[in-house]
Amino acid sequence: MVITLCHTDDIPEAGARGFNLPQGKLFAVKKRKNIFLYLNRCPHLGLPLEWEDNAFMDAEGLYIKCANHGAFFEPESGECIQGPCLGDSLWSIDYHLENGQILIDEAELPALPSPG
Ligand code: FES
């Protein structure tokens with residue numbers, strides 16, 4: 001089954017948006033008009049990253065930040081560049097675009113941890 005997440009215009013530049021699917025939590029980041037999609041699961045303790053809805057970025061909008069213990073991740077690669085999971089990476093999710101809509105194939109999703 002194909003799942004439509006949102007339109008790319010629904011994500012602010014240097015911002016992010018979270019998605020709570022029945023299959024688990026994801027989030028998308030927009031940087032220089034490119035979209036990067038990840039599992040919302042910190043490689044440190046496996047917790048969701050955001051401190052409130054859609055708040056995945058640091059104050060400058062440069063890096064993805066985990067609210068739990070302050071890890072920083074490169075938006076483009078998902079690699080942790082500072083924090084307790086240094087060198088580990090967020091789990092990237094493949095997507096494709098159709099008329100600006102971000103689509104994922106449910107069959108391509110990893111075995112997601114259950115929401116909540
Ligand atoms: S759970 Fe993300 S830094 Fe600890």
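Lysine 30 sits in strand β3, which spans residues 24–31. In this predicted model, lysine 30 is buried and yet has no salt bridge.

**Around lysine 30**
- Which side chain of opposite charge is nearest to lysine 30? Aspartate 9 is, at 4.6 Å, whereas a salt bridge would need a side-chain nitrogen within 4 Å of a carboxyl oxygen.
- A polar atom of the lysine 30 side chain does lie 2.9 Å from the backbone oxygen of isoleucine 11.
- Beyond its neighbours within four places in sequence, lysine 30 is in contact with Thr8, Asp9, Ile11, Pro12, Glu13, Ala14, Gly15 and Ile35.

**The open sheet β5-β6-β7**
- Three strands make up this open sheet, in the order β5-β6-β7, with antiparallel pairing.
- β5 (64–65) and β7 (80–82) are the edge strands; each has a single partner strand, so one side of each is left without a neighbour in the sheet.
- Strand β6, residues 72–73, is joined to β7 by two bridges.

- Strand β1 (residues 2–7) runs antiparallel to β9, and four bridges join them. Here isoleucine 3 has isoleucine 104 as its bridge partner.
- Strand β8 (residues 96–98) also pairs with β9 in the antiparallel sense, over three bridges.
- What do β8 and β9 form together? They form a hairpin with two residues between them. Asparagine 99, in the turn, has a positive phi of about 50 degrees.

**After β9**
- Alanine 111 lies in the segment that follows β9 (101–105).
- Is alanine 111 buried or exposed? Alanine 111 is exposed, because its relative accessible area of 79% is over the 50% cut-off.
- Alanine 111 and asparagine 99 are twelve residues apart in sequence, and their C-alpha atoms are 28 Å apart in space.

**Cysteines**
- How many disulfides are there? The count comes to zero, with a pair of cysteine sulfur atoms within 2.5 Å as the criterion.
- Cysteine 42 has a relative accessible area of 5%, so it is buried.
- Cysteine 66 is buried too, with a relative accessible area of 2%.

Notes
Residues numbered from 1 in each chain as written. Predicted model: local features only at pLDDT ≥ 70, side-chain atom pairs only at ≥ 80, totals over all residues. Heavy atoms only, no water. Buried < 20%, exposed > 50% of the residue type's maximum accessible area, 1.4 Å probe, protein only. Pairing = 2+ DSSP bridges. Lys, Arg positive; Asp, Glu negative; His and termini not counted. Polar contact = N/O pair within 3.5 Å; in protein donor to acceptor, adjacent residues only side chain to side chain. Contact = heavy atoms within 4.5 Å.
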